Amino acid sequence: MPEALKLNEDRLFSSDPSQRAIARELYALVKDFPILSPHGHTDPQWFADNDSFGNATQLFLAPDHYIYRMLYSQGISMDDVGVGSKAGPSPADARTAWKIFAKNQHLFRGTPTSMWMGYVFDQIMGFEVKLSEETADFYFDRIGELLASDAYRPRALFERFNIELLATTESPTDSLEHHQKIKDSGWQGRVVTAYRPDPVIDAEHEDFKSKLKVFGELSGEDVYSWKGYLRAHRNRRDFFMTMGATSTDHGHPTAKTANLSPVDAEALFNRIIRGGFSLDDAELFRAQMLTEMARMSLDDGLTMQIHPGAFRNHNLKVFETYGRDKGCDIPLPTNYVNDLKPLLDAFGNEKDLTVILFTLDETSYARELAPLAGHYPILKLGPSWWFHDSPEGMTRFREQVTETAGFYNTVGFNDDTRAFLSIPARHDVARRIDANFLARLVAEHRLELDDAAETIKDLTYNLPKAAYKL
Amino acid sequence: MPEALKLNEDRLFSSDPSQRAIARELYALVKDFPILSPHGHTDPQWFADNDSFGNATQLFLAPDHYIYRMLYSQGISMDDVGVGSKAGPSPADARTAWKIFAKNQHLFRGTPTSMWMGYVFDQIMGFEVKLSEETADFYFDRIGELLASDAYRPRALFERFNIELLATTESPTDSLEHHQKIKDSGWQGRVVTAYRPDPVIDAEHEDFKSKLKVFGELSGEDVYSWKGYLRAHRNRRDFFMTMGATSTDHGHPTAKTANLSPVDAEALFNRIIRGGFSLDDAELFRAQMLTEMARMSLDDGLTMQIHPGAFRNHNLKVFETYGRDKGCDIPLPTNYVNDLKPLLDAFGNEKDLTVILFTLDETSYARELAPLAGHYPILKLGPSWWFHDSPEGMTRFREQVTETAGFYNTVGFNDDTRAFLSIPARHDVARRIDANFLARLVAEHRLELDDAAETIKDLTYNLPKAAYKL
Amino acid sequence: MPEALKLNEDRLFSSDPSQRAIARELYALVKDFPILSPHGHTDPQWFADNDSFGNATQLFLAPDHYIYRMLYSQGISMDDVGVGSKAGPSPADARTAWKIFAKNQHLFRGTPTSMWMGYVFDQIMGFEVKLSEETADFYFDRIGELLASDAYRPRALFERFNIELLATTESPTDSLEHHQKIKDSGWQGRVVTAYRPDPVIDAEHEDFKSKLKVFGELSGEDVYSWKGYLRAHRNRRDFFMTMGATSTDHGHPTAKTANLSPVDAEALFNRIIRGGFSLDDAELFRAQMLTEMARMSLDDGLTMQIHPGAFRNHNLKVFETYGRDKGCDIPLPTNYVNDLKPLLDAFGNEKDLTVILFTLDETSYARELAPLAGHYPILKLGPSWWFHDSPEGMTRFREQVTETAGFYNTVGFNDDTRAFLSIPARHDVARRIDANFLARLVAEHRLELDDAAETIKDLTYNLPKAAYKL
């Protein structure tokens with residue numbers, strides 16, 4: 001007998017009755033708010049072409065590193081669950097791949113993946129039994145049917161999810177053709193881009209040279225001169241703004257910033273362009289470019305996001321065989337206090353600049369990030385990120401940040417996902433955890449209920465709207 | 001309609017009924033204990049002169065970096081809320097400044113500042129409505145009236161607060177004239193000093209040279225020779241002891257200690273004195289001086305406090321415009337295990353020396369500080385400090401320290417404040433959090449109620465009394 | 001009147017009624033499971049000779065660094081509580097030593113030691129009053145009587161404790177004569193060894209040279225040549241496997257690994273053997289040997305354990321007077337991401353290798369260890385260790401690890417103790433904390449009860465059995 005699937009209305013709320021009652025009340029205030037998704041990695045082509053998402057494996061397994069990294073950790077090959085490699089698409093049969101996932105549900109106990117998938121299966125797809133080895137075929141078939149129907153095409157889901165705005169993330173070398181197509185289509189869904197220049201800033205990136213070439217072509221600037229290179233950024237930022245961009249995003253290995261003299265910056269750039277630069281040069285160039293990006297943001301108003309601290313593609317063999325972004329990124333300790341100082345010395349006291357900081361190193365919450373954001377006018381704290389985008393992670397974020405930075409130096413939730421169907425699930429988790437955290441403060445008489453009510457509305461809607469200038 | 005202000009009797013206690021009932025019982029045991037304040041930054045002149053504190057802005061805003069850093073983080077200028085700069089006193093109208101604070105109360109939701117201010121307004125000043133934009137004038141006027149009355153002068157409040165002892169913190173270059181005046185006045189309040197030699201130890205301090213000169217004058221020693229410099233410290237420590245000092249305090253960027261040979265120490269000192277020293281020299285000199293201070297403490301019995309790990313005056317422009325200590329200090333990672341070893345190798349096993357360690361880096365609680373204090377006879381752990389002097393911060397301290405160091409290698413609470421009126425509020429928070437933590441242990445059958453009762457009395461009174469030799 | 005000693009059936013469970021009820025139910029499922037103790041430091045001679053444990057001081061104080069380090073931190077000499085030094089056995093009278101411990105019970109409030117000792121006194125020794133100064137003599141006498149009885153000899157207790165398997169830890173230079181004697185005795189208790197080669201790998205170890213000599217003699221290999229040295233390890237590993245070993249163990253100062261070319265490895269080995277090596281050489285050699293051990297594990301199937309991050313013998317005077325392992329080891333920050341990469345590049349994707357990682361640096365749980373173990377097939381996470389083998393420590397481990405690594409990349413509990421009588425107490429704490437953690441997930445509707453039930457059985461029995469190949 002398959003087990004029943006039924007989300008509990010009180011999920012993620014404390015089991016203490018007085019706290020739970022308050023959490024329910026607070027959550028009810030924002031449960032039906034529209035979704036603002038100001039940072040994420042969905043594919044704009046979905047909304048441009050509005051094609052079917054295909055089958056369960058294509059939709060849920062192949063693109064979701066949260067899922068296949070866990071399976072991989074238990075010795076299950078990525079080939080077997082539908083993940084493509086440099087050699088081409090996965091040879092796996094989609095149904096067989098799905099069954100592997102189905103029978104390994106126990107691996108996800110206690111993980112956010114299980115919360116998200118439970119929500120998707122119940123709330124979005126209407127399943128009434130749990131996914132298991134026994135129900136794998138039923139799930140696979142039913143998901144296929146649903147995805148083939150108009151109601152499960154990208155635009156229909158976007159509308160059903162009540163998404164007010166969804167930002168994707170593109171490289172300066174992207175033509176933004178999909179965004180153009182969305183614009184031209186007359187569809188009302190707001191899908192905007194964000195400017196993520198890492199491929200033309202990170203000289204260690206394997207495609208740096210080829211990307212730089214495209215960057216020059218698209219911008220019409222001489223990107224091999226320092227001044228032309230900077231102009232090319234301004235040019236592409238402007239173009240991105242015509243496609244709705246209100247923010248930039250920077251995913252660097254560290255939070256290092258630099259503020260070199262123009263002469264030194266140009267000399268560094270020339271070493272980078274000529275090749276034969278040192279690893280320190282590459283790091284210094286990324287550092288300098290964060291400060292350059294801040295300078296441009298002062299002019300064009302784009303909010304900056306800094307996502308530092310991942311050792312990318314840590315697994316050498318997986319990188320060689322499957323390429324980038326295959327669930328092998330591992331967090332590192334990150335020092336914000338020394339690393340951000342050059343940028344802060346230059347622009348930390350500006351009133352018209354917003355820099356949103358993220359971290360994979362939770363030790364920085366109370367020690368560095370909350371003290372920095374609780375002082376510098378330009379700094380705000382992004383929500384708990386990636387490995388920490390989870391009930392415990394979000395709770396630690398609020399517990400460790402609030403006492404020094406308050407709620408109003410934070411910016412609400414980012415789903416930051418490429419798993420489109422999980423977006424409502426993720427926002428639901430965030431709203432529940434915020435409700436539960438605020439409920440604890442109220443239940444412990446540290447905050448009044450009416451203040452908590454105003455706060456949860458701000459966290460859900462007003463703070464992201466303001467920080468990202470939506 | 002203004003909202004009612006009413007502190008709940010159960011504030012900060014768990015909402016779980018059985019834990020809450022035990023917390024109430026434990027808190028009741030120590031609620032009315034006298035206050036021991038063995039480390040803080042109040043101004044002895046207040047108690048010497050016993051003048052009125054002035055108006056609400058002068059008392060609450062201008063000196064409180066917890067408050068103006070939060071306002072500043074949201075783009076509110078320090079000039080506008082009464083904070084003086086190098087150019088002179090703030091030009092702001094006190095009432096206008098107060099209104100800015102009043103209408104930004106939401107920024108402090110969930111912060112200890114809101115707990116402290118709520119206590120002060122309710123318990124000390126008798127307000128029955130909350131501070132808001134609407135009540136700002138009423139508050140400003142009423143506070144002015146109260147502060148003009150005899151009952152709100154420093155000495156009267158000191159007595160009303162039931163303070164048994166209050167330690168201030170002075171530099172060796174301070175004449176301690178205010179302490180002398182208090183002593184001569186016949187007033188019975190115990191206001192003692194503590195020896196904080198940073199300005200004559202930190203060669204990077206902008207006033208190092210001028211302070212050194214005064215140090216020589218006050219001590220009558222040749223402070224430009226190593227031996228004379230050390231004698232000057234002994235001389236001033238003796239003098240501070242005549243003004244009640246039982247402790248020294250050291251606020252260094254790191255916890256580094258050194259134990260150089262006499263020859264090397266003298267050579268280092270000579271480099272420092274001559275100028276042209278390196279940053280490493282300055283660091284090494286601070287490190288060496290911690291060990292010298294420990295050596296002196298073995299002779300004169302002063303308890304040592306080490307407060308390491310702040311990047312002072314991180315905001316360059318604020319430092320240049322407003323000077324030191326303007327809410328721009330940011331914590332750094334701190335390594336105690338390697339850094340303290342030279343001092344511990346020299347004196348770690350002494351029975352007549354007490355060194356109290358503080359941290360701004362909570363990662364050291366369970367990893368370094370509890371293991372160190374749970375072994376070395378000279379080491380005790382100070383309470384959660386500064387950014388962590390908060391309900392969550394205090395709870396993390398107990399949760400992460402107790403299992404390895406127990407309660408008896410800790411020293412009770414320090415308010416560490418320059419905000420005199422917040423002292424009872426801060427001690428109340430500490431007593432409540434300790435009661436709540438102990439109540440959890442009792443409710444989970446990890447500790448007997450009678451042992452918890454004895455423990456909370458020790459934490460509130462006996463442990464600080466012993467550690468600081470009061 | 002002595003106070004009654006009575007363990008509460010609900011100890012360590014949340015006081016929230018709904019969570020507690022679920023925790024009781026889950027705990028009941030595994031309460032009587034046999035004990036698997038795949039890593040620890042009991043003395044095999046106990047089970048070989050089956051002699052009496054002597055008196056209370058010999059059994060409980062002298063060997064337990066958790067106890068005497070806490071007493072020492074309060075100025076109580078190790079000599080006075082029965083700890084032997086380099087000069088010979090402690091001169092203290094055993095009864096007098098016991099009384100010191102008895103009257104200092106308050107130091108252990110809130111520590112795991114108090115939980116363990118309470119269990120031992122109540123469940124194993126049948127005391128009905130608490131240990132105190134008043135009952136110290138009664139305890140000392142009664143413990144002496146019990147230990148003299150057959151029922152309290154090592155083998156009888158082993159059976160009474162329902163231990164299915166107990167692993168000790170020996171150096172390659174150990175003859176394993178006690179394990180041979182156990183084997184020859186016909187006794188059915190499974191006491192196996194584990195291979196801990198630190199003394200012949202750590203060139204900084206004070207006995208490195210003499211141990212190396214024994215290593216050569218026992219293995220019959222030329223341990224002064226790189227190839228002979230490696231063969232000697234393979235030889236001893238084989239021998240250890242005949243004594244039941246299924247694992248190796250490595251207690252290094254850091255998690256550094258290296259994968260040198262054969263030529264470079266040999267050159268490094270030669271520097272180590274010749275003496276005059278640098279500290280970096282010693283570190284690099286330890287790093288290289290972890291990779292060599294992994295290579296051997298691929299062949300012989302031994303599970304690897306890495307226990308990094310302790311600054312051993314931090315207290316210079318205690319080390320000089322009393323020797324190693326006297327409660328003076330202090331944790332350090334540990335970086336797994338960079339340090340393990342060479343080993344992971346070589347063997348991280350193998351399916352037939354298991355490497356169990358431990359940490360003393362809890363900051364690595366969510367940041368490094370869970371992401372690594374949630375991806376690499378060879379990696380599993382050992383339980384919270386040493387200073388963190390405690391209710392709060394175990395809870396933090398589950399809270400910080402589960403969301404990224406799940407439960408199935410962990411390996412259940414290790415008692416890791418030399419305190420034989422505390423083994424049931426420690427496993428009981430672990431089972432209770434796991435039950436309580438799972439109960440919270442169930443009570444918050446993050447996990448179904450039947451899944452929690454299956455999980456706690458796996459954590460208690462199936463996962464350690466699989467990871468250690470028992």
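Between domain 1 of chain A and domain 2 of chain A the count is 0 salt bridges, whereas 6 residue pairs, both at pLDDT 80 or more, are in polar contact between these two domains. The model is a predicted one, and the values given here are computed from it. α15 (316–322) and α20 (423–443) of chain A each contribute at least two residues to the side of domain 1 of chain A that touches domain 2 of chain A, and the residues of that side comprise 15 nonpolar, 6 polar and 8 charged.

As to the extent of the two parts, domain 1 of chain A covers 17–48 + 161–467, and domain 2 of chain A covers 52–152. Their C-alpha centres are separated by 28 Å, and the contact draws on 29 residues of domain 1 of chain A and 23 residues of domain 2 of chain A. The size of an interface is often expressed as the accessible area that is lost when the parts come together. For domain 1 of chain A and domain 2 of chain A this buried area is about 2100 Å², with 68% of it on carbon and sulfur atoms. On the side of domain 1 of chain A, Tyr322(A), Leu421(A) and Arg426(A) account for 29% of the area buried against domain 2 of chain A, more than any other three residues.

The interface of chain C and chain B was examined in the same terms. About 3900 Å² is buried between chain C and chain B, 50% of it on carbon and sulfur atoms, and the contact involves 49 residues from chain C and 46 residues from chain B. Within chain C, the residues that lose the most area to chain B are Arg109(C), His314(C) and Glu392(C), which together make up 19% of what that side buries. Across this interface 6 salt bridges are found; Arg109(C) takes part in a salt bridge with Asp451(B), at 3.6 Å from N to O. There are also 28 residue pairs in polar contact between chain C and chain B, both residues being at pLDDT 80 or more. The elements of chain C that give two or more residues to the side touching chain B include α1 (17–30), α6 (112–124) and α19 (391–405), and by class that side of chain C has 19 nonpolar, 17 polar and 13 charged residues.

Over all chains, the count comes to 126 salt bridges. In one of these, Arg231(A) pairs with Glu221(A), the closest N and O atoms lying 3.0 Å apart. Because Arg231(A) lies in helix α12 (residues 226–242) of chain A and Glu221(A) in the loop between α11 (208–219) and α12 of chain A, the pair ties together parts that are 10 residues apart in sequence. Arg231(A) is partly exposed, at 44% relative accessibility, and Glu221(A) is likewise partly exposed, at 23%.

A further salt bridge joins Glu362(A) and Arg396(A), with 2.9 Å between the closest N and O atoms. This pair links distant parts of the chain, 34 residues apart, since Glu362(A) is placed in the loop between β8 (355–357) and α18 (364–373) of chain A and Arg396(A) in helix α19 (residues 391–405) of chain A. Both Glu362(A) and Arg396(A) are buried. In chain B, Lys31(B) forms a salt bridge with Asp32(B), the closest N and O atoms being 3.9 Å apart; Lys31(B) is partly exposed at 40% relative accessibility, whereas Asp32(B), at 60%, is exposed. Salt bridges with shared partners also join Glu392(A), Glu399(C), Glu403(C), Arg440(C), Glu444(C) and Arg446(C) into one network.

Note on methods:
Residues are numbered from 1 along each chain as its sequence is written. Chains are lettered from A and ligands numbered from 1 in the order in which they are written. This is a predicted model: local features need pLDDT of at least 70, side-chain atom pairs count only at pLDDT 80 or more; totals for chains, interfaces and linings use all residues. Side-chain values use heavy atoms; hydrogens and water are left out. A salt bridge is a side-chain nitrogen of Lys or Arg within 4 Å of a carboxyl oxygen of Asp or Glu. Helices (H or I, at least four residues) and strands (E, at least two) are DSSP runs, numbered from the N terminus. Buried means under 20% relative accessible area, exposed over 50%, partly exposed in between (1.4 Å probe, protein chains only). Contact means heavy atoms within 4.5 Å. Buried area is the accessible area (1.4 Å probe) that two parts lose on being put together, summed over both. A polar contact is a pair of N or O atoms within 3.5 Å; within protein, one must be able to donate a hydrogen and the other to accept it, and residues adjacent in sequence count only if both atoms are side-chain atoms. Ala, Val, Leu, Ile, Met, Phe, Trp, Tyr, Cys and Pro count as nonpolar, Asp, Glu, Lys and Arg as charged, and the others, Gly among them, as polar. Domain bounds come from an automatic or database domain assignment.
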